[in-house]
Amino acid sequence: MTPEETKALEKRIHAYVGRDLGPPKRAHDDVSTAMIRHWAEVIGDANPAYTDTEFAAQSTKGGLIAPPAMLQAWSLDGYPMADPSRENADVKREMDDVFDEYGFTGALGTNCRSEYFRDLKPGDQVWAHTVIGSISEQKATARGISYFVETVTKFTNQRQEDVGRLTFRVLKFIPQDQPAASAESDASAPKAATRIASPRGHDNKWWWDAVDEGRVLIQRCKNCETLRHPPRPMCGECQSVEWDSIESTLDGEVLSFTHLHHPKFPGYPSPLICGVIKLAEGTNIVSNLVGCEPEAVHIGMKVKGKVERVDDETVLPQFYPC
Amino acid sequence: MSTGTLNYESVEVGDKLPSVDIEITPALIIAGAVASRDFTPAHHDSKAAQAAGLPDIYMNIVTSNGLMGRFVTDWSGPDATLREIDIRLGAPNLPGMVMTISGEVKAKQDDDSVVEVEVVGENNVWGMHMSGTVRVALPQEN
C-alpha cells in the first residue's frame with residue numbers, strides 16, 4: 001500500500017469510529033428456561049442455578065438465572081445467518097466494504113471481553129446496542145499489514161438496566177498468498193503432534209530399533225571392551241571397528257539437567273526436563289526426567305530408566321527418581 | 001456437581017483449579033453453535049470452514065466462553081457470580097481434538113470479594129485455543 005492509499009483508507013474507516021450499528025435492538029427471544037436448559041446441556045454445565053427451580057429459589061440468586069456466558073445468544077440472528085449471501089445492510093457492513101476495497105478481506109477474532117453486571121432471569125427482555133468502538137493505527141502483524149477493530153455491544157433489560165458488555169476485537173488484514181489449499185484433499189482430522197522422529201542412519205539405526213523393542217543398548221568395542229555412547233563406527237581407545245553391545249540396566253544418576261520453560265513444543269510434555277544421565281555401566285545418555293516436580297531434580301539424583309511409549313509414533317527411554 | 005460454594009476467605013492466590021479435558025466433536029461444535037443461536041456457516045458446514053482456510057468446522061466463541069464459565073463455576077460452586085470472561089483467542093477447536101482447560105487463582109479483590117482466575121484452554125493439536133481471565137464473585141463467610 002502506498003502512503004496515499006493508507007491515508008485515504010484511514011480517513012474513510014475512521015469516519016465509522018463511534019457510530020452505532022442501529023438503535024438498541026430487542027433480542028428475538030426473551031430469556032427462557034428452555035433455551036437455558038438446551039444451552040447448558042450442550043456445554044455440560046450442571047450448575048443448578050440455571051435449571052433447578054427449587055435450588056435457585058433458596059440460593060442467593062432468588063430464582064433461576066441465565067448462564068452469563070450465554071448473553072449473546074438471546075440477540076444473535078439465528079437461522080438466517082446460515083445463508084452466506086444474506087445482505088447485512090448496516091454501518092458495520094459499510095465499513096467492512098471499505099476495508100475490502102483496499103484488500104483487507106481477512107478477519108480474525110483476537111480478543112473477547114464479556115462483562116456481566118446483572119443476572120438475567122426467565123421472562124427478561126434483552127436489548128443489544130453495538131457501537132464501533134475504535135480502530136487501531138496500522139500494524140505489522142504475523143498476518144501482514146493489519147488494523148485492530150473493536151466493537152462494543154451493551155446489553156440492557158426491559159428496565160434499561162445494564163446487564164452486560166461485550167468488547168470484541170477483530171484483526172483486519174490483507175490475506176497473504178496461500179499455498180493451494182490441502183483442505184480439499186486431506187479429509188482427515190488434524191492429528192496431535194508427536195515428538196520429532198529419531199534420525200536413523202547406518203551407525204545408529206540398530207540402537208533405535210532396540211529402543212523400539214524396549215531395550216537400551218550400549219555399544220562395546222570387541223577388541224578392548226570399552227563402552228561408548230552415542231553409537232559410532234570406531235573405538236576411541238584402540239581404533240577397532242569391531243563392536244557388539246550390552247543391555248543397560250538403566251540405573252543411573254543425574255549429571256546435569258535443564259528445565260525448558262519456553263516455548264512449549266507441540267507434542268512434548270510440559271514441564272519438560274532434559275538431562276544427562278550417568279549410567280551405572282559408565283556411559284552417559286541424554287534423556288528426559290519425568291515423574292517428579294522440576295524443583296526436585298538435582299545433580300546426583302539417583303534415577304531409574306524405563307523404555308515407554310510417549311506418543312502414537314514414539315518409544316523412548318525416560319528416567320524416574322528412585 | 002455438589003451444591004456447596006467456596007467462600008471468598010477460603011480461596012488463596014496460587015490455588016489451582018482441577019483441569020478438565022473436553023473432547024471436541026462435531027456434535028459439540030454444531031450443537032453449541034445452534035444452542036447459542038449462531039448459524040454462521042463455518043460452525044456447521046465444513047465447506048464453509050474450508051473456504052475460510054480451515055480443514056473442518058470449528059467451535060464458536062459463545063461455546064468456548066460457556067466452557068470457560070462452566071470450568072470456573074464447577075470449581076466455585078453455584079452461589080458464585082460470574083463477573084467477567086476476558087480472553088485472547090488462539091487456534092480454533094476442530095473435531096477430533098481434545099481441549100484441556102486449566103486455571104489458577106491469580107488475584108483477590110477484597111472490596112467486592114471477586115477472585116481473578118487465570119484460565120487457559122489448550123487443544124492437543126494446535127495449542128492455545130483461548131487464554132485469559134475469569135472474574136468471579138464469591139460469597140463471604142456467614
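Trainee: Let me start with one residue. Is Thr53(A) buried or exposed?
Mentor: Thr53(A) counts as exposed, because it has 11 C-beta neighbours inside 10 Å, and the cut-off for exposed is 12 or fewer. Keep in mind that this is a predicted model.

Trainee: Which helix does Thr53(A) lie in?
Mentor: Helix α4 of chain A, residues 53-58.

Trainee: What about chain A as a whole? How many helices and strands are there?
Mentor: Chain A has 6 helices and 14 strands. Its radius of gyration is 31 Å, well over the 20 Å that the globule rule gives for 322 residues, so chain A is more spread out than a compact globule. Its C-alpha atoms fill a box of roughly 90 × 65 × 40 Å along the principal axes.

Trainee: What share of chain A is buried?
Mentor: Buried residues make up 22% of the 322 residues.

Trainee: Now the place where the chains meet. How many residues are in contact?
Mentor: 43 residues of chain B are in contact with 44 residues of chain A. On the chain B side, α1, α2, α3 and β2 each supply at least two residues. The largest share, 9 residues, comes from α3(B).

Trainee: How does that side of chain B split by class?
Mentor: It has 20 nonpolar, 14 polar and 9 charged residues.

Trainee: Which strands pair across the two chains?
Mentor: Strand β2 of chain A, residues 106-116, pairs with β2(B) in the antiparallel sense over 5 bridges. Within β2(B), Ile87(B) is the residue opposite Cys112(A).

Trainee: Back to helices. Which residues of α2 in chain A are buried?
Mentor: In α2(A), residues 33-43, the buried ones are Ile36(A), Trp39(A), Ala40(A), Val42(A) and Ile43(A). They cover an arc of only 160 degrees around the axis, which puts them on the same side of α2(A).

Trainee: What covers them?
Mentor: The cover includes α3 of chain A, along with α1 and α3 of chain B. Just after the helix, Gly44(A) takes a positive phi of about 75 degrees.

Trainee: Which residues have the most contacts inside the largest nonpolar core?
Mentor: Trp39(A), Ile24(B), Met68(B), Val72(B), Val119(B) and Val136(B), in a core of 71 residues. The largest share of this core, 7 residues, comes from α3(B). Apart from it lies another core, of 8 residues, among them Ile273(A), Leu279(A), Val303(A) and Phe319(A).

Trainee: What does Val136(B) touch?
Mentor: Leaving out residues up to four places away in sequence, its contacts include Val72(B), Leu82(B), Val114(B) and Val117(B).

Trainee: Last topic, sheets in chain A. In what order do the strands of the open sheet with β7 run?
Mentor: The order is β8-β7-β9, three strands with antiparallel pairing. β8(A) and β9(A) stand at the edges with a single partner strand each, so one side of each is left without a neighbour in the sheet. Between β7(A) and β9(A) there are 5 bridges, and Arg220(A) stands opposite Asp244(A).

Trainee: And β11 of chain A, which strand do its 5 bridges join it to?
Mentor: To β12(A), residues 284-289, and the two run antiparallel. Lys278(A) has Asn284(A) as its bridge partner. The hairpin has 4 residues between the strands, and Gly282(A) takes a positive phi near 115 degrees there.

Trainee: Is the pairing of β12(A) with β14(A) parallel or antiparallel?
Mentor: Parallel, over 2 bridges. Asn288(A) stands opposite Gln318(A) in β14(A).

Notes
Residues numbered from 1 in each chain as written. Chains lettered and ligands numbered in written order. Predicted model: local features only at pLDDT ≥ 70, side-chain atom pairs only at ≥ 80, totals over all residues. Buried ≥ 20, exposed ≤ 12 C-beta atoms within 10 Å, placed from the backbone. Arc of directions from axis to C-beta. Contact = placed C-beta atoms within 7 Å. Nonpolar A, V, L, I, M, F, W, Y, C, P; charged D, E, K, R; others polar. Pairing = 2+ DSSP bridges. Rg over C-alpha atoms; globule rule 2.2 N^0.38 Å. Core = buried A, V, L, I, M, F, W, Y, C linked by C-beta atoms within 7 Å.
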